[in-house]
Amino acid sequence: MYLVFCNISPEESKGLARKLVSEKLATCISTIPGLMSYYWWKDRFCEDDEVTLMIKVKKENYDALLTRILELHPYKVPEVIAVAPEKVHLPYLAWVRGEDS
């Protein structure tokens, strides 16, 4: 499995999360609200409220998930970072993979 992190505006977070799960591209998405992002974009300092989507996905669904995020995400260059956890509770991993649903 991969754990994918994607930041998005609070207004857009619920819609994106629901679509990705309902389309079965992600097994589960948890939201981490209340973030503030500070960054430079096109020579301008930006400060935005954001939500981090913590997306749990089967490895074989990652490419389709990324494609769909890029289609739906309102940012021109969305943050999408995937990590492969070194250790995962095995029953949870089985659930993410659809082996125990």
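Predicted model: local features only at pLDDT ≥ 70, side-chain atom pairs only at ≥ 80, totals over all residues.
Student: Is Glu-47 buried, partly exposed or exposed, and what is its relative accessibility?

Tutor: Exposed would need over 50% relative accessible area, and buried would need under 20%. Glu-47 falls in between, so it counts as partly exposed, with a relative accessibility of 47%.

Student: Moving on to the backbone, what is the phi of Lys-24?

Tutor: As background, most residues other than glycine have a negative phi. Lys-24 is in the loop between α1 and β2 (28-41), and it counts as exposed because its relative accessibility is 67%. Lys-24 isn't a glycine, yet its phi is positive, near 60 degrees.

Student: And what about Lys-42: where is it, and what is its phi?

Tutor: Lys-42 belongs to the loop between β2 and β3. With a relative accessible area of 62%, Lys-42 is exposed. Here too the residue is not a glycine and phi is positive, at about 55 degrees.

Student: Which element gives the largest share of the nonpolar patch?

Tutor: The patch covers about 500 Å² and is made by Met-36, Tyr-38, Trp-40 and Phe-45. Tyr-38, one of its members, is found in a strand, β2. The largest share is 3 residues, and the element they come from is β2.

Student: Why does Tyr-38 count as exposed?

Tutor: The cut-off for exposed is over 50% relative accessible area. Tyr-38 passes that cut-off, so it counts as exposed, and its value is 51%.

Student: How far is Lys-56 from the nearest side chain of opposite charge?

Tutor: Lys-56 lies in strand β3 and is buried, yet it has no salt bridge. A salt bridge would need a side-chain nitrogen of Lys or Arg within 4 Å of a carboxyl oxygen of Asp or Glu. For Lys-56, the nearest side chain of opposite charge belongs to Glu-79, and the distance is 15 Å.

Student: Which residue has its backbone oxygen 3.2 Å from a polar atom of the Lys-56 side chain?

Tutor: A polar contact takes a pair of N or O atoms within 3.5 Å. At 3.2 Å from a polar atom of the Lys-56 side chain, the backbone oxygen in question is that of Met-54.

Technical notes. Residues numbered from 1 in each chain as written. Heavy atoms only, no water. Buried < 20%, exposed > 50% of the residue type's maximum accessible area, 1.4 Å probe, protein only. Helix = DSSP H or I, 4+ residues; strand = E, 2+ residues; numbered from the N terminus. Patch = residues over 30% accessible without salt bridge, like charges linked within 9 Å, V, L, I, M, F, W, Y side chains within 5 Å. Areas by Shrake-Rupley, 256 points an atom, 1.4 Å probe, with all protein chains shown as cover. Lys, Arg positive; Asp, Glu negative; His and termini not counted. Polar contact = N/O pair within 3.5 Å; in protein donor to acceptor, adjacent residues only side chain to side chain.
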